Amino acid sequence: MICLCCFLIFINIFFREVELNLKDLQKVIPMKILVTDPIHEDGLEQLREFAEVDVAIGLKQEELIKRVAGFDTLVVRSATKVTREVLEAAKELKLIARAGVGLDNIDLKAAKERGINVVNTPEAPSIAVAELVMGLMLSWARKIPRADAGMKQGKWEKKQLMGTELRGKTLGIIGTGRVGKEVGRRAKSFEMNLLAYDVVKDEEFAKEVAARYVDLETLLRESDYVTLHVPLIQQTKHMLGAREFELMKPTAVLVNVSRGGVVDEAALVEALRAGKIAGACLDVYEREPPKDSPLPGLPNVVLTPHIGASSKEAQRAAALLAAEKIKEYLPHTK
Ligand SMILES: NC(=O)c1ccc[n+]([C@@H]2O[C@H](COP(=O)([O-])OP(=O)(O)OC[C@H]3O[C@@H](n4cnc5c(N)ncnc54)[C@H](O)[C@@H]3O)[C@@H](O)[C@H]2O)c1
């Protein structure tokens with residue numbers, strides 16, 4: 001028994017020593033971080049507290065390949081393309097932090113093969129995205145874009161701009177994850193009735209906002225506004241297409257701030273032209289920018305250029321969260 005106790009005390013002291021030495025080592029040889037896309041200054045400041053930080057924005061691919069060697073961590077947003085060639089040149093790289101959501105600009109397969117970890121910050125923009133959804137619904141309901149355009153052309157179109165209220169309307173939320181829930185909370189305060197559809201039901205959330213989980217078909221049939229908050233994966237590609245638009249009310253409005261590919265855009269254009277649904281408010285497109293798309297030419301759409309996460313607060317949160325995640329990873333880098 002005494003022997004076992006001694007052994008455990010020895011192990012405890014040994015590992016504490018190792019940990020202390022590691023921390024000392026990190027003070028002597030600080031982590032080297034390369035930041036290649038603009039991130040909020042507060043995030044950079046956090047990184048500088050525990051690492052040597054080089055900021056090099058707007059590098060061409062060849063420049064990045066030359067520059068990346070010797071860094072432990074690479075911090076990017078969406079502009080830097082972290083290709084296999086970049087990763088092959090990044091001999092010391094152990095971590096890539098994407099201050100933002102999508103990882104489409106990173107060759108994840110090549111990173112995995114080289115044992116490089118990838119972290120992102122999907123938690124950061126939820127409020128920004130949810131507020132945009134409210135803004136889009138209000139824009140549609142009160143015809144704000146048209147009112148603004150008219151005023152700027154010297155028109156006073158009071159009569160033509162009769163709108164509707166959100167209160168009492170039914171909002172169908174497809175995907176009740178981070179963003180879907182924040183939309184639900186805001187819509188509840190507008191006194192909307194809530195329906196929800198998700199592969200994973202969160203009954204606590206449903207209770208909080210008085211939402212009712214239903215099947216997708218019921219949600220589409222009964223909603224005045226349908227808002228999409230699912231990821232773009234194999235199961236959700238073209239989740240809404242011609243068949244689904246047939247099920248919706250002719251007065252219904254589709255809101256998509258998730259990913260363009262979740263909606264069959266050609267079918268949506270058809271549905272909007274044929275009056276199968278009344279309108280669409282879109283922030284995301286199958287092709288971005290939606291070059292040659294008929295969407296901007298339609299009278300019954302409100303469009304924004306993928307600005308869901310573009311709030312100062314969300315960008316700051318993304319930078320701070322990325323710094324936090326890098327710091328958490330610190331002990332694994334040496
Ligand atoms: N417009 C923008 O700038 C912007 C910004 C941030 C996020 N987004 C997008 O918003 C979407 C939601 O983000 P989030 O942070 O809420 O994600 P999340 O992972 O928190 O939530 C996604 C939800 O979708 C559900 N889901 C997954 N597959 C489903 C399926 N087949 N059917 C029904 N439900 C399904 C999940 O169970 C989960 O509850 C993502 O597509 C994300 O890329 C867009």
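The protein is divided into domain 1, spanning 30-121 and 314-332, and domain 2, spanning 126-303. The model is predicted. Taken over C-alpha atoms, the centres of domain 1 and domain 2 are 34 Å apart.

**View 1. The five-stranded open sheet, with strand order 2-1-3-4-5 and parallel pairing.** Strand 2 (51-55) and strand 5 (117-120) are the edge strands; each has a single partner strand, so one side of each lacks a neighbour in the sheet. From one strand to the next the twist averages 20°. Strand 4 (residues 95-98) pairs with strand 5 in the parallel sense over four bridges. Arg 98 has Asn 120 of strand 5 as its bridge partner. Helix 13 packs on this sheet, where it touches strand 3 (73-76), strand 4 and strand 5, and its direction makes about 160° with that of strand 4. Helix 2 lies across strand 1 (31-35) and strand 2, and runs at about 140° to strand 2.

**View 2. The packing of helix 2 (residues 41-50) against helix 13 (residues 312-329).** The angle between the two helices is about 15°, and their axes are 7 Å apart. Angles under 35 degrees count as roughly parallel, so helix 2 is roughly parallel to helix 13. Their crossing is right-handed. Helix 2 contributes Asp 42, Gly 43, Gln 46, Leu 47 and Phe 50 to the contact, and helix 13 contributes Arg 316, Ala 319, Leu 320, Ala 322, Ala 323, Ile 326 and Lys 327. By class, the residues of this contact are seven nonpolar, two polar and three charged.

**View 3. The seven-stranded open sheet, with strand order 8-7-6-9-10-11-12 and parallel pairing.** The edges are strand 8 (211-213) and strand 12, each with a single partner strand, so one side of each is left without a neighbour in the sheet. Direction ignored, neighbouring strands of this sheet are turned by 15° against each other on average. Strand 6 (residues 170-174) and strand 9 (residues 225-228) form a parallel pair over four bridges. In this view Ile 173 stands opposite Thr 227 of strand 9. Helix 6 packs on the sheet and touches strand 9, strand 10 (253-256), strand 11 and strand 12, with its direction at about 145° to that of strand 11. Helix 8 lies across strand 6, strand 7 (193-197), strand 8 and strand 9, and runs at about 170° to strand 6.

**View 4. The crossing of helix 6 and helix 8 (residues 178-189).** The two axes come within 8 Å and cross at roughly 50°, which means that helix 6 is oblique to helix 8. The crossing is right-handed. On helix 6 the contact is made by Ser 126, Ile 127, Val 129, Ala 130, Val 133 and Met 134; on helix 8 by Arg 178, Val 179, Glu 182, Val 183 and Arg 186. Seven nonpolar, one polar and three charged residues make up this contact.

**View 5. Backbone detail at Lys 143 and at Pro 289.** Most residues other than glycine have a negative phi, and most peptide bonds are trans. Lys 143 is not a glycine, yet has a positive phi of about 55°. Lys 143 is in the loop between helix 6 (126-142) and helix 7 (144-152). Glu 288 and Pro 289 are joined by a cis peptide bond, with omega about -5°. Pro 289 is in the loop between strand 11 (279-282) and strand 12 (301-303).

Notes:
Residues numbered from 1 in each chain as written. Predicted model: local features only at pLDDT ≥ 70, side-chain atom pairs only at ≥ 80, totals over all residues. Axes fitted to C-alpha atoms, helices over the stretch in contact; angles between N-to-C directions. Parallel < 35°, antiparallel > 145°, perpendicular 65-115°, else oblique. Left-handed = near helix turned anticlockwise from the far one by under 90°. Contact = placed C-beta atoms within 7 Å. Nonpolar A, V, L, I, M, F, W, Y, C, P; charged D, E, K, R; others polar. Domains from an automatic or database assignment. Pairing = 2+ DSSP bridges.
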